[in-house]
Amino acid sequence: SALTGHYSSSYGFEVDIPRHHTALPSAVVGDHGVRISLATPTVNLPGSMEFYAAFNVLSWNTADEAAQVHVEWLREQASRNVVTVMSRKPVAIHGIPGVRVVVSYRDKDSRSETICDEIILLRSRESGDRLGDEPDFAYTFGVTTTGKEYTAGRLLFERVLATARFSAPDE
């Protein structure tokens, strides 16, 4: 069912959902995250934002490693497996280190020029009760839209990203 107002995950993050935007859980089970449509009833903006978290089951040691896997996954979605990394830079949100990677590609199915702007953060348990040597949680916050609408989509994403807060994940 549709979500409104505020979203909070047991993985230790929360964001505000903009008024008039449709938001749905991004996972079939659990409260891993939320996918928010860029469109409203009066503005037809293609694409979506996603704020997602999970255990770091792929055992990434760095956000750069996770970003490389993300770029390779996008390559599989791209026509002729061609992607262009427009930018890749280190970021930190509320002290949690990560990487932001912006990738353009022609979508294999829709054939439209697509831009995926993704922030990947890795975080360890605050209690010191670590599961292993690598960070325990992976957060991916991003926006995907057409190349033509990327500026508008990115601005909305930045507005929602500014509302992101972190707390201790549920144990």
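The model is a predicted one.

Start with the sheet. Seven strands build an open sheet, and their order is E3-E4-E5-E9-E8-E7-E6. The pairing is antiparallel. Strands of a sheet pair through backbone hydrogen bonds, and the pairing can be parallel or antiparallel. At the edges stand strand E3 (23-25) and strand E6 (78-93). Each has a single partner strand, so one side of each is left without a neighbour in the sheet. Neighbouring strands are also turned against each other, by 20 degrees on average, direction ignored.

Now step through the sheet from E3. E3 and E4 are joined by 3 bridges in the antiparallel sense. Here leucine 24 stands opposite arginine 35 in E4. Next, E4 and E5 pair over 5 bridges, again in the antiparallel sense. Serine 37 has serine 48, in E5, as its bridge partner. Then comes the pairing of strand E5 (residues 48-55) with strand E9 (residues 137-146). These two run antiparallel and are joined by 8 bridges. Within this pair, alanine 53 stands opposite tyrosine 139 in E9.

Look for helix H1 (residues 63-77) first. H1 lies across E6, strand E7 (96-107) and strand E8 (113-123). The helix runs at about 155 degrees to E6.

Is alanine 67 buried or exposed? Its relative accessible area is 0%, so alanine 67 is buried. Leaving aside residues up to four places away in sequence, alanine 67 touches Arg88, Val99, Val101 and Ile120. Tyrosine 7, by contrast, is 25 Å from alanine 67 in space, C-alpha to C-alpha. In sequence the two are 60 residues apart.

Helix H2 (residues 150-161) comes next. H2 lies across strand E4 (33-37), E5, E6, E7, E8 and E9, and runs at about 150 degrees to E9. H2 has 12 residues. From first C-alpha to last, H2 reaches 16 Å, close to the 16 Å expected at 1.5 Å a residue. Which residues of H2 are buried? They are Tyr150, Gly153, Leu156, Phe157, Val160 and Leu161. Why do they share one side of H2? They cover an arc of only 140 degrees around the axis, and this puts them on the same side of the helix.

Now turn to strand E7, where arginine 100 is found. Arginine 100 has 11% relative accessibility, so it counts as buried. Its side chain makes a polar contact with the side chain of aspartate 117, at 2.8 Å. Arginine 100 also touches residues beyond four places away in sequence, among them Ser87, Val91, Ile119, Arg154 and Phe157.

Finish in the loops. Most residues other than glycine have a negative phi. Two residues here go the other way. Serine 59 is not a glycine, yet its phi is positive, about 55 degrees. Serine 59 is found in the loop between E5 and H1. With 33% relative accessibility, serine 59 counts as partly exposed. Arginine 111 has a positive phi too, near 65 degrees. Its place is in the loop between E7 and E8. At 47% relative accessibility, arginine 111 counts as partly exposed.

Methods: Residues numbered from 1 in each chain as written. Predicted model: local features only at pLDDT ≥ 70, side-chain atom pairs only at ≥ 80, totals over all residues. Heavy atoms only, no water. Pairing = 2+ DSSP bridges. Helix = DSSP H or I, 4+ residues; strand = E, 2+ residues; numbered from the N terminus. Axes fitted to C-alpha atoms, helices over the stretch in contact; angles between N-to-C directions. Contact = heavy atoms within 4.5 Å. Expected span 1.5 Å × (residues − 1). Buried < 20%, exposed > 50% of the residue type's maximum accessible area, 1.4 Å probe, protein only. Arc of directions from axis to C-beta. Polar contact = N/O pair within 3.5 Å; in protein donor to acceptor, adjacent residues only side chain to side chain.
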